[in-house]
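Here is a short report on a protein chain.

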Amino acid sequence: MWEGVGVSSYLLINYFYTRMAANKAAVLAFNQNRVSDMFFSIGLFAIIAVFGSLDFNVVFSLAPSINPNLITIICVLLFIGASAKSAVLFQHNWLPGSMEAPTPVSSLLHAATLVTAGIYLLIRSSP
C-alpha cells in the first residue's frame, strides 16, 4: 500500500515534468519513500523471523518471552519507516518539494495521508 503512495507522490509532484525543480523534488520524494519502505520491510521481516507470525495477537502474546533488545530493534525499524513516510523531523526534506505539484493542496494531501498511515502503524503495533 505504501509503495503505491510513493509512486503517486512521485507522479503528482512531477506533474510539470519539464520543470527541473519539480523533477528533482519528485525524485527526492520517491527516494525518501523507498528508504522508508526498506526500513518498514526489514522491520516486518524481523517480526516474522523473531515471532514467526505477523498476527498481532501472536506477537503480543510472545513479546514478554523475547529478548527486549530484539523488540527494540524491531520498533526502531518500524519507527524509521513510519517517520520517513510521515515527514517527521530529520526525515522531512521531501515535504517542501511537494509544493512543486500543481496545487499547494498537494503537499497537504501528502502530509495528511502519509502521517495518518504512519501514526496508524505505530498505534496498531503497540499493545
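pLDDT is the predictor's confidence in each residue, on a scale from 0 to 100. The model is predicted: local features need pLDDT of at least 70, side-chain atom pairs count only at pLDDT 80 or more, and totals for chains, interfaces and linings use all residues. Residues are numbered from 1 along each chain as its sequence is written, and side-chain values use heavy atoms, without hydrogens and water.

**Confidence.** The protein chain averages a pLDDT of 79. A score of at least 70 is reached by 80% of the residues. By element, α3 has the highest mean pLDDT, 89, and α5 the lowest, 68. Where pLDDT is low, the predicted coordinates should not be read in detail.

**Fold.** The protein chain has five helices and zero strands. Helices (H or I, at least four residues) and strands (E, at least two) are DSSP runs, numbered from the N terminus. Of the 127 residues, 34% are buried. Buried means under 20% relative accessible area, exposed over 50%, and partly exposed in between (1.4 Å probe, protein chains only). A contact means heavy atoms within 4.5 Å. Among contacts with a separation of 6 or more, 64% join residues 24 or more positions apart.

**Largest pocket.** On a 1 Å grid over the protein atoms alone, a pocket is an open set of points where a 1.4 Å probe fits, with protein on both sides within 12 Å along at least five of seven lines; lining residues have an atom within 4 Å of a point. Grid points are joined across faces, edges and corners, and a volume is the space filled by probe spheres set on the points. The largest pocket has a volume of about 480 Å³. It is lined by 24 residues, and Ile47, Phe56, Leu78, Leu121 and Ser125 are the closest to its centre. Helices α2 (20-51), α3 (56-62), α4 and α5 (105-124) each give two or more residues to the lining.

Leu77 and Asn14 are set side by side below. The contacts leave out neighbours within four places in sequence.

| Residue | Place | Relative accessible area | Contacts |

The C-alpha atoms of Leu77 and Met38 are separated by 9.2 Å, with the two residues 39 apart along the chain.
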